[in-house]
Amino acid sequence: EQPLRKHILLEGEPGIGKSTLTKQLCYKFAEGKFADEYKLVIRIVLRCLPSDTTLSVEDLVRSCTSDVGTSLKKEIPSLLSQFISSNDGEGTLFIMDGYDEFPEELQKKSLVADNINGKTLPQSSFIITSRPRASAPL
């Protein structure tokens, strides 16, 4: 039996607290008080991703670990992306913050779009934040 793939769209006007909530969810996960059915919760600020249709899972992970200040800084994205890919995303919750700020071209063709559509990492779950004007395709 395959695990249920969960999708949540968190939609709201600018300044309502969508990004703050995503940070809080990650903090609660780190404390063991949120999403205990997942092994990884990865928050990706979509506006910070390079405008590149050939991004890899490692690139996504690297985008959210850029401020890690340890000697493992280079190894962490590689290890996490290997885990995510080898499990088809099972056990991973992606929190994709700012879909409305993600370039329209990449909303149609990118690893993020393929993940949302279940073409890549078909067992992963995700929460997406967006302003109402951009969330219609979701």
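This is a predicted model: local features need pLDDT of at least 70, side-chain atom pairs count only at pLDDT 80 or more; totals for chains, interfaces and linings use all residues.
**Entry 1**

I began with the strands. Four of them make an open sheet, ordered β1-β4-β3-β2, with parallel pairing. I then looked up the edges, which are β1 (7-11) and β2. Each has a single partner strand, so one side of each has no neighbour in the sheet. Neighbouring strands are turned against each other by 15° on average, direction ignored.

I followed one pair further. β2 and β3 run parallel and are joined by 6 bridges. I picked Ile44 and looked for its bridge partner in β3, which is Met96.

Next I checked what lies on the sheet. Helix α1 (residues 18-30) packs there and touches β1, β2, β3 and β4. The direction of α1 makes about 155° with that of β2. I also noted that α3 lies across β2 and β3, at about 110° to β2.

**Entry 2: helix α3**

I took α3 (residues 75-86) for a closer look and checked its length. Its 12 residues, at 1.5 Å a residue, should span 16 Å, and the end C-alpha atoms are 16 Å apart, which agrees.

Which residues of α3 are buried? I found Pro77, Ser81 and Ile84. They cover an arc of only 60° around the axis, which puts them on the same side of α3. I recalled the general rule: an α-helix has 3.6 residues a turn, so residues three or four places apart point the same way. On the other side of α3, I found Leu79 and Ser86 exposed.

I then asked what the buried residues of α3 pack against. The elements are β2 (40-45), α2 (57-64) and β3 (92-97). After α3 comes Asp88, where I noted a positive phi, near 50°.

**Entry 3: Ile84 and the cores**

I stayed with Ile84 and listed its contacts, leaving out residues up to four places away in sequence. Ile84 touches Leu40, Ile42, Val57, Val61, Gly89, Thr92, Phe94 and Leu121.

I looked up the largest nonpolar core, which has 21 residues. The members that touch the most others are Leu46, Leu49, Ile84, Phe94, Met96 and Val112. Two or more residues of this core come from each of β2, α2, β3, α5 (111-116) and β4 (125-130). I also found a second, separate core of 7 residues, with Leu25, Tyr38, Val41 and Ile127 among them.

Met96 is the bridge partner of Ile44 and is listed among the core members with the most contacts to other members.

How values were computed. Residues are numbered from 1 along each chain as its sequence is written. Side-chain values use heavy atoms; hydrogens and water are left out. Helices (H or I, at least four residues) and strands (E, at least two) are DSSP runs, numbered from the N terminus. The expected span of a helix is 1.5 Å times one less than its number of residues. Buried means under 20% relative accessible area, exposed over 50%, partly exposed in between (1.4 Å probe, protein chains only). The arc is that of the directions from the helix axis to the C-beta atoms. Contact means heavy atoms within 4.5 Å. A nonpolar core is a set of buried Ala, Val, Leu, Ile, Met, Phe, Trp, Tyr and Cys residues joined through side-chain atoms within 4.5 Å. Two strands pair if DSSP finds at least two bridges between them. Axes are lines fitted to C-alpha atoms, for helices over the stretch in contact, and angles run from 0 to 180 degrees between N-to-C directions.
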